[in-house]
Amino acid sequence: KVKRSGLSREAYLRHLVNGLEPQDAPPPDYYAMMRELHGIGNNLNQLTRAVNAGFVRAVDLGETKREVQKVWQSLNSFLQPAR
């Protein structure tokens, strides 16, 4: 269980002493997906600011919409339980 949690033995035992049940560490793909989502969030925030400031027209955002749809598809496939 210690190895599956990704914690050191000492940290695992501290969790148990504090009445917490350590969870299994997420799969390695989780961190890559989180980095990608963070970057996408930053890009969307910048686009929103540009649209609100009048630098970008809403009709120019079609490609962005398609990319966001791809990300949602990737995220949904990542979140589906393994069979």
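# Reading a few features in this model

Guide: Tyr30 counts as partly exposed, at 31% relative accessibility. Buried means under 20% relative accessible area, exposed over 50%, and partly exposed lies in between (1.4 Å probe, protein chains only).

Visitor: What kind of model is this?

Guide: It is a predicted model, where local features need pLDDT of at least 70, side-chain atom pairs count only at pLDDT 80 or more, and totals for chains, interfaces and linings use all residues. Residues are numbered from 1 along each chain as its sequence is written, and side-chain values use heavy atoms, leaving out hydrogens and water.

Visitor: Where does Tyr30 lie?

Guide: Tyr30 is in helix H3, residues 28-53. Helices are DSSP runs (H or I, at least four residues), numbered from the N terminus.

Visitor: How many aromatic pairs does the structure hold?

Guide: Rings of Phe, Tyr and Trp (its six-membered ring) pair if their centres lie within 6.5 Å; planes under 30 degrees apart are stacked, over 60 edge-to-face, the rest tilted. The structure holds one such pair. Tyr30 and Tyr31 form it edge-to-face, 5.3 Å centre to centre, with 80 degrees between the planes. Tyr31 is partly exposed, at 44%.

Visitor: Which residues make the nonpolar surface patch?

Guide: Tyr30, Tyr31 and Met34 make a patch of about 290 Å². Patch residues have over 30% relative accessible area and no salt bridge; nonpolar side chains (Val, Leu, Ile, Met, Phe, Trp, Tyr) are joined within 5 Å, like charges within 9 Å.

Visitor: Which residue forms a salt bridge with Asp24?

Guide: Side chains of opposite charge can pair when their charged atoms come close. A salt bridge needs a side-chain nitrogen of Lys or Arg within 4 Å of a carboxyl oxygen of Asp or Glu. Asp24 pairs with Arg4, the closest N and O atoms being 3.4 Å apart. The pair links distant parts of the chain: Arg4 is in helix H1 (residues 2-5), Asp24 in the loop between helix H2 (9-17) and H3, 20 residues apart. Asp24 is partly exposed, at 47%. Arg4 is partly exposed too, at 49%.

Visitor: Is Ser5 buried or exposed?

Guide: Ser5 counts as buried, because its relative accessibility is 8%. Ser5 is found in helix H1. Its side chain reaches the backbone nitrogen of Leu7 at 3.2 Å.

Visitor: Which residues does Ser5 touch?

Guide: Contact means heavy atoms within 4.5 Å. Not counting residues up to four places away in sequence, Ser5 touches Tyr12, Pro22, Gln23, Asp24 and Ala25.

Note on methods: Accessible areas come from the Shrake-Rupley method with a 1.4 Å probe; for residues, only the protein chains shown count as cover. Helices (H or I, at least four residues) and strands (E, at least two) are DSSP runs, numbered from the N terminus. A polar contact is a pair of N or O atoms within 3.5 Å; within protein, one must be able to donate a hydrogen and the other to accept it, and residues adjacent in sequence count only if both atoms are side-chain atoms.
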